[in-house]
Amino acid sequence: MNWKALVVIFVVLFVVGLAVRPVEGPAWDELREREPSLRLADLEDALGQGVTVGLLGGFRAIVADLLWIRTNVIWEQQETAVIPATETMIRLVTTIDPRPVYFWLNGARMIAYDMSVWRVREAGDYGNIPDAAVRRYHDEQAETAIRLLERAREFHPDRPEILIEIANIYLRRMENEEKAAEYYRIAAEMEGAPPYAARIHAEILRRMGEYEQAYEWLKELYATLDPGNPAHQKQVVLGRIRELEDTLDVPLIQRFQP
Amino acid sequence: MSKVVFSPARINIIAKNTFLEAVRQKFFGFLVIIALGIILSSQVFRDFNFGAPELKFIADFGFGAIVLFGSVLAIVATAQLFFSEIENKTAITILAKPIFRSEFIFGKFLGVSLLLLVFTGMMTVILSVLLFWRETAIMEGVDPEAFEAGRMVAYGDIFLYGIVQWLKFSILCGITMVVASFSNTNLYSVILSFVILLICHLQYLARDAWAQMEFLPVQLAVFMLSAVFPNFQLFNIGDQIALGESIPFELGARIIGYALIYIIVFNLLAVFSFRKREI
């Protein structure tokens with residue numbers, strides 16, 4: 001091998017590599033903006049995400065699908081011994097193909113709702129162990145699931161389903177109404193959010209005793225609802241507005257006029 | 001005695017012979033059958049699909065097959081066709097005639113590039129036909145409401161994807177040509193080219209990460225790495241197309257321009273290296 005020639009080749013490629021940056025740079029920036037899996041915030045992400053994206057290319061989808069089937073096979077054993085393996089598989093699947101929201105949502109549900117139950121069962125089951133222990137298992141699993149979903153938000157910043165899932169976990173598993181209300185509100189304000197997110201936000205505010213806030217929120221919401229769309233439940237919203245007016249003793253003259 | 005001048009006609013003859021020799025190889029036929037099988041089997045694998053709509057899954061799968069088998073073909077065919085001339089001593093016969101080494105390299109490159117165009121073109125057409133057939137079936141039967149605005153698949157962009165991949169394979173052919181020009185065996189060329197392909201696919205990590213390095217020598221090494229190798233992720237526009245987004249003209253033009261620059265550079269480097277080689 002001619003080493004001098006090799007050095008010349010490297011030097012030429014280095015110079016060309018720098019010279020083509022004005023052509024490549026804007027295209028690469030745009031491509032990365034469009035493709036979430038190419039947006040790598042730090043080195044840790046880069047080593048996992050980047051290598052799989054780089055190597056698997058178009059086969060990411062099928063590899064992730066097959067690994068998802070494997071994840072479900074492990075998950076079906078429903079015992080604490082498979083928690084680390086199931087969590088690892090969920091991380092692997094979402095690393096290989098972070099594009100489908102399906103993997104993130106269902107992975108988070110497995111972690112938050114199923115694994116917490118497995119842990120409680122192994123410790124002696126509901127009713128047999130102290131509430132504090134149950135609370136701890138629920139909280140730990142919920143936090144892991146929320147971490148997964150927060151990571152999902154990096155890839156899907158415009159998908160309200162992820163925020164609704166976080167809100168659901170705060171509400172159902174951690175019984176943290178304040179956080180749940182906050183996430184339902186953020187989700188409800190996003191484009192394409194299901195109408196129920198806004199209604200649940202108001203309902204949680206009402207349960208927390210924040211009647212004024214719930215009342216104002218529902219009045220604003222009502223104006224945006226389509227009477228022809230059954231999912232918008234316009235009459236239900238009006239009914240709740242009336243209930244809150246009763247609770248708040250709003251004088252008849254000041255009541256909301258649809 | 002008249003002076004021999006650089007001749008596109010001689011390049012054309014070498015390119016034609018290279019192409020015909022490549023097409024006759026069993027390896028090409030084998031790869032075509034495997035790639036076609038993979039693309040068509042996406043209909044079977046879609047039953048295992050959880051995360052994506054059917055058309056996106058088929059497109060994704062087809063793009064994967066084109067990239068994988070196209071890359072294998074670009075490296076193996078280039079190395080084989082280059083070394084067959086040297087091992088059979090036909091290179092000596094050819095180069096003893098008034099043929100420049102640059103003409104030999106350019107001819108070989110064009111022959112393999114034409115082969116890659118045929119391969120990519122065939123696969124793109126098959127994938128488009130498959131997508132059209134499934135899309136028509138879905139439009140008419142399963143979910144007509146989803147197609148109120150017309151067809152979802154942008155077939156023009158699928159062909160743009162085919163062109164972009166062909167250009168990437170041509171760069172890979174140029175890289176293999178450079179490697180083959182200084183290496184002694186076919187196997188060494190193939191292995192080293194695959195390693196370079198891997199580096200080019202992961203180059204973007206170095207490109208983004210070098211600034212985060214704290215240790216200066218490592219930072220410089222990673223920066224060098226990011227500058228020396230072309231960024232093959234730039235050609236990865238399949239995700240956007242599979243997701244139903246169209247590729248803006250400027251983005252497509254920049255990618256094509258980037259590819260053409262590297263094709264020229266690698267061909268010139270192969271000529272430079274091959275000139276110094278003893279046959």
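This is a predicted model: local features need pLDDT of at least 70, side-chain atom pairs count only at pLDDT 80 or more; totals for chains, interfaces and linings use all residues.
1. Residues are numbered from 1 along each chain as its sequence is written, and chains are lettered from A in the order in which they are written.

2. Have a look at α4 (residues 60–75) and α5 (residues 83–96) of chain A: their axes (lines fitted to C-alpha atoms over the stretch in contact, with angles from 0 to 180 degrees between N-to-C directions) come within 9 Å and cross at roughly 165°. α4(A) and α5(A) are therefore roughly antiparallel. Residues making this contact include A:L67 and A:W68 of α4(A), and A:M89 and A:I90 of α5(A); contact here means C-beta atoms, placed from the backbone, within 7 Å.

3. Now chain B, which has 10 helices and zero strands. Those are DSSP runs, with helices being H or I of at least four residues and strands E of at least two, numbered from the N terminus. The C-alpha trace of chain B spans about 75 × 55 × 35 Å along its principal axes.

4. On to the interface: 42 residues of chain B are in contact with 45 residues of chain A. On the chain B side, α10(B) gives the largest share, 10 residues.

Terms used. Two residues are in contact if their C-beta atoms, placed from the backbone, lie within 7 Å. Angles under 35 degrees count as roughly parallel, over 145 as roughly antiparallel, 65 to 115 as roughly perpendicular and the rest as oblique.
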